[in-house]
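Hello,

Here is the structure I promised to pass on to you. Please have a look at it first, and then read on for what turned up in it.

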Amino acid sequence: MEVNSLRDLFVYELRGMYDVENKLVQTLDNLSVETTNEDISQAFAEHRNETETHVERLEDVFRALGEGPERRDNKVVDGLVEEHDRFDGVAANDDVRDMFALGAGMKSERVEITAYEGLLMLADQLDFGNDVTDPMEANVSDEKQALSDLQELAGGSKLKSLVSRITG
């Protein structure tokens with residue numbers, strides 16, 4: 001795809017975000033299964049289901065633009081998965097793996113929030129209507145809530161007992 005205009009840039013970024021959300025469905029599924037802390041595992045499983053909805057909403061955005069949903073390979077998730085796999089090879093126990101996964105989840109949410117904010121900025125510049133902006137605003141709202149939930153989990157008493165086992 002050649003990018004010559006703000007609309008082209010928007011579609012380029014939208015395709016990248018569509019790829020991110022699709023990759024995250026599988027990644028979150030894997031994390032929910034391999035994480036041994038029940039609360040963290042449940043958070044990943046719940047956000048996996050939300051992420052499927054994010055994919056559907058992005059498909060709505062494509063339709064509103066008169067475009068077919070198309071993915072552009074975006075290496076952000078690949079890098080996070082690669083870092084996870086690298087850490088998994090050096091982690092001494094499940095507790096530190098769980099803490100790493102929690103931090104990785106927060107990193108992912110921040111990346112997604114920033115990407116959606118960029119898309120919404122472009123949509124505003126292009127005067128796109130609510131049929132384009134509403135689905136993305138719903139997605140960014142979900143991402144902010146997921147980040148907040150992970151941050152709350154990180155500060156919770158159950159996680160503090162996990163930390164004390166690691167440092168203990």
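R97 counts as partly exposed at 25% relative accessibility (buried means under 20% relative accessible area, exposed over 50%, and partly exposed in between, with a 1.4 Å probe and protein chains only). This is a predicted model, in which local features need pLDDT of at least 70, side-chain atom pairs count only at pLDDT 80 or more, and totals for chains, interfaces and linings use all residues. Residues are numbered from 1 along each chain as its sequence is written, and side-chain values use heavy atoms, with hydrogens and water left out.

The partner of R97 is D88: the two form a salt bridge with their closest N and O atoms 2.6 Å apart (a side-chain nitrogen of Lys or Arg within 4 Å of a carboxyl oxygen of Asp or Glu). D88 is partly exposed too, with a relative accessible area of 33%.

By this rule there are 18 salt bridges. One of them joins R15 and E67, with 3.5 Å between the closest N and O atoms. R15 sits in helix α1 and E67 in the loop between α2 and α3, so this pair ties together parts that are 52 residues apart in sequence (helices are DSSP runs of H or I with at least four residues, numbered from the N terminus). R15 is buried at 12% relative accessibility, whereas E67 is partly exposed at 23%.

E117 and K144 also form a salt bridge, their closest N and O atoms being 3.8 Å apart. Since E117 belongs to helix α4 and K144 to helix α5, the pair ties together parts 27 residues apart in sequence. There is a salt-bridge network as well, linking D19, K23, R71, D73, K75 and D78.

The largest pocket holds about 570 Å³ (on a 1 Å grid over the protein atoms alone, a pocket is an open set of points where a 1.4 Å probe fits, with protein on both sides within 12 Å along at least five of seven lines; lining residues have an atom within 4 Å of a point). Of its 34 lining residues, L28, L31, A43, F44 and G105 are the closest to the centre. By class, the lining has 14 nonpolar, 11 polar and 9 charged residues.

Finally, S108 is found in helix α4 and is buried, at 9% relative accessibility. Beyond its neighbours within four places in sequence, S108 is in contact (heavy atoms within 4.5 Å) with L24 and L80.

Best wishes

How values were computed. Grid points are joined across faces, edges and corners, and a volume is the space filled by probe spheres set on the points. Ala, Val, Leu, Ile, Met, Phe, Trp, Tyr, Cys and Pro count as nonpolar, Asp, Glu, Lys and Arg as charged, and the others, Gly among them, as polar. Helices (H or I, at least four residues) and strands (E, at least two) are DSSP runs, numbered from the N terminus.
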